[in-house]
Amino acid sequence: MIRLFALLFSAVMMAAGPEAVAPSPLIAFTRTGGLAGFDDSVEILPSGKTSIKTRGGSRSARLSTSAMSQLTRRLRSSRLFDQDRAYTTSEGADHMTYTLRYQKATVTMHDDKVPAQLKAAVDQLLRLIQP
């Protein structure tokens with residue numbers, strides 16, 4: 001019975017075509033909070049295809065090969081993505097919270113607590129959000 005289900009599932013997935021399975025983002029970044037109530041996100045696929053969502057709407061972009069290499073090099077060299085980490089404070093109602101997922105680990109940080117080794121990568125991701 002299980003084998004029959006597995007065969008049927010495989011047949012359905014093959015018939016649906018490659019567009020039925022969306023690739024997982026290599027990099028996911030969100031900016032939330034602040035006095036303005038931001039709720040922005042950036043998802044970057046391994047191909048460089050980028051999905052950007054802000055209050056102003058959604059748009060797609062494609063990172064150049066050099067921009068993609070620069071960003072992944074910055075994230076790798078930070079050596080912060082071997083486990084989940086948090087750099088936050090409990091003080092201040094106007095903090096913006098950044099969440100950055102890369103290599104199956106997530107780093108959560110407030111805008112005033114971005115680790116020095118992630119500052120350039122966060123700045124690069126924030127530039128993508130700006131219209």
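Visitor: Which residues does L118 touch, leaving out those up to four places away in sequence?

Guide: In this predicted model, L118 touches L75, S78, L80, F81, L100, V107 and M109. L118 is also listed among the residues with the most contacts inside the largest nonpolar core.

Visitor: How many residues does that core have, and which have the most contacts inside it?

Guide: The largest nonpolar core has 27 residues. Those with the most contacts inside it are F29, I44, L75, F81, L100, L118 and L125. Two or more residues each come from β1 (27-33), β2 (38-44), α2 (65-78), β6 (96-102), β7 (105-110) and α3. Helix α3 gives the largest share, 6 residues.

Visitor: Where do these elements sit in the order of the chain?

Guide: Read from the N terminus, the order is α-β-β-β-β-α-β-β-β-α. That is 3 helices and 7 strands.

Visitor: Of contacts between residues at least 6 apart in sequence, what share joins residues at least 24 apart?

Guide: That share is 45%.

Visitor: What part of the chain is buried?

Guide: Of the 131 residues, 31% are buried. The accessible surface of the chain is about 8,500 Å², and carbon and sulfur atoms account for 56% of that surface.

Visitor: Now the charged side chains. How many salt bridges are there?

Guide: The general idea is that side chains of opposite charge can pair when their charged atoms come close. Here the count is 3 salt bridges. In one of them, the side chains of R31 and D40 meet at 2.5 Å, N to O.

Visitor: Are R31 and D40 buried or exposed?

Guide: Both R31 and D40 are buried.

Visitor: How far apart are the closest N and O atoms of R85 and D82, which also form a salt bridge?

Guide: The closest N and O atoms of R85 and D82 are 2.6 Å apart. R85 is partly exposed, at a relative accessible area of 22%. D82 is exposed, at 60%, since the cut-off for exposed is over 50%.

Visitor: Which residue does K119 pair with in a salt bridge?

Guide: K119 pairs with D123, and their closest N and O atoms are 3.2 Å apart. Both lie in helix α3 (residues 119-129), and because they are 4 residues apart there, about one helical turn separates them.

Visitor: What are the relative accessibilities of K119 and D123?

Guide: K119 has 44% relative accessibility and counts as partly exposed. D123 is partly exposed as well, with a relative accessible area of 27%.

How values were computed
Residues numbered from 1 in each chain as written. Predicted model: local features only at pLDDT ≥ 70, side-chain atom pairs only at ≥ 80, totals over all residues. Heavy atoms only, no water. Buried < 20%, exposed > 50% of the residue type's maximum accessible area, 1.4 Å probe, protein only. Contact = heavy atoms within 4.5 Å. Areas by Shrake-Rupley, 256 points an atom, 1.4 Å probe, with all protein chains shown as cover. Salt bridge = Lys/Arg side-chain N within 4 Å of Asp/Glu carboxyl O. Core = buried A, V, L, I, M, F, W, Y, C linked by side-chain atoms within 4.5 Å.
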